[in-house]
Amino acid sequence: MNAILGFVDLLKGSDFSDFERGQFIEYIENSGHVLLNTINELIEMANIETGQSKVTMSATNINEQIESVYNFFKSKTDEKGISFSFNTPLTNEQAMIISDSEKLNFIFANLVDNALKYSHDGKIELGYTKRGSNLEFYVKDNGIGISKKQKKIIFEKFRQGNETNTREVRGVGLGLTITKAFVEGLGGKIWVDSKEGRGSVFYFTTPYNSAWETEIAFKSELSA
């Protein structure tokens, strides 16, 4: 908010070129997005804590969701010179599951966004493997990593992956707390494997509730 008000005051002056004014407007826009995201996270956190965050289950294609997240972040990773890839081993039929698509999208986007924030080069990979009755998703990066001390508190409210880097990385530290709540709401768990200076891998699981198999079973019951 201070950045927005400060640059608005600067725009009131007349001693700036069109290029400078354009930069001020860009700063205001970026700060506005940060502020809006912070407000949305605070609202979502309040909903979680008061039990008002509901899970809405429906058929969703995880391959398509992952590709959508990839397409959204690709220009941002390219801008930083980071290689970005995704791995979707199941066929599109097998990738149709019963889950909450909005919550899954938040989880994917937040983990990739965090990987991008704490990476200056290297690569990021988003993907999953099927392990028995679960899907195990991962977001892997070659970023600055997380210390043992930070790993213990990283999913707590108002914490960040590297608290010595708060000036460079904006946010209030609610993203991973919300992500953990969403993962657990979907019946899964989340954890991180990381070493300082060598990158991080965030993993989370969800039950593999196949929409394809459910539809086949439903049709079989109807025809019986």
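Predicted model: local features only at pLDDT ≥ 70, side-chain atom pairs only at ≥ 80, totals over all residues.

Me: How many helices and strands does the chain have?

Reply: Seven helices and seven strands. Along the sequence they run α-α-β-α-β-β-α-β-β-α-α-β-β-α.

Me: And what share of the residues is buried?

Reply: Buried residues make up 37% of the 224 residues in the chain.

Me: Let's talk charges. How many salt bridges are there?

Reply: The count comes to six. One of them joins the side chains of Lys-157 and Glu-49, at 2.6 Å from N to O. That pair links distant parts of the chain, 108 residues apart. Lys-157 is in the loop between α5 and α6, while Glu-49 belongs to helix α2, residues 18-49.

Me: Is Lys-157 buried, partly exposed or exposed?

Reply: Partly exposed, because its relative accessibility is 39%. The cut-offs are under 20% for buried and over 50% for exposed.

Me: What does Asp-100 pair with?

Reply: Asp-100 forms a salt bridge with Lys-103. Their closest N and O atoms are 3.8 Å apart. The limit for a salt bridge is 4 Å, so the pair counts.

Me: Where do those two sit, buried or exposed?

Reply: Asp-100 is buried, at 4% relative accessibility. Lys-103 is buried too, at 10%.

Me: What about Glu-184, which residue is its salt-bridge partner?

Reply: Lys-180. The closest N and O atoms of that pair are 2.7 Å apart.

Me: Why are Glu-184 and Lys-180 about one helical turn apart?

Reply: Because they are four residues apart in helix α6. An α-helix has 3.6 residues a turn, so residues three or four places apart point the same way.

Me: Pick Thr-179. What is its relative accessible area?

Reply: 0%, so Thr-179 is buried. Its side chain makes a polar contact with the side chain of Asn-110, at 3.0 Å.

Me: What follows α6?

Reply: Gly-187 does, and its phi is positive, near 90°.

Me: Back to charges. Which residues gather in the patch of positive charge on the surface?

Reply: Lys-148, Lys-152, Lys-195 and Arg-198.

Me: Where is Lys-148 found, and is Lys-148 buried or exposed?

Reply: Lys-148 is in helix α5, residues 148-153. At 68% relative accessibility, Lys-148 counts as exposed.

Me: New topic, strands. What does the side chain of Thr-60 contact?

Reply: The side chain of Gln-65, through a polar contact of 3.2 Å. Thr-60 lies in strand β1, residues 58-61. Thr-60 is buried, because its relative accessibility is 7%.

Me: Last one. Where is Gly-122, and how far is Gly-122 from Phe-84?

Reply: Gly-122 is in the loop between α4 (101-117) and β4 (123-131). The C-alpha atoms of Gly-122 and Phe-84 are 9.0 Å apart. Along the chain, the separation of Gly-122 and Phe-84 is 38 residues. Gly-122 counts as partly exposed, at 34% relative accessibility.

Definitions and conventions
Residues numbered from 1 in each chain as written. Heavy atoms only, no water. Helix = DSSP H or I, 4+ residues; strand = E, 2+ residues; numbered from the N terminus. Patch = residues over 30% accessible without salt bridge, like charges linked within 9 Å, V, L, I, M, F, W, Y side chains within 5 Å. Areas by Shrake-Rupley, 256 points an atom, 1.4 Å probe, with all protein chains shown as cover. Lys, Arg positive; Asp, Glu negative; His and termini not counted. Charge placed at Lys NZ, Arg CZ, Asp CG, Glu CD. Buried < 20%, exposed > 50% of the residue type's maximum accessible area, 1.4 Å probe, protein only. Polar contact = N/O pair within 3.5 Å; in protein donor to acceptor, adjacent residues only side chain to side chain.
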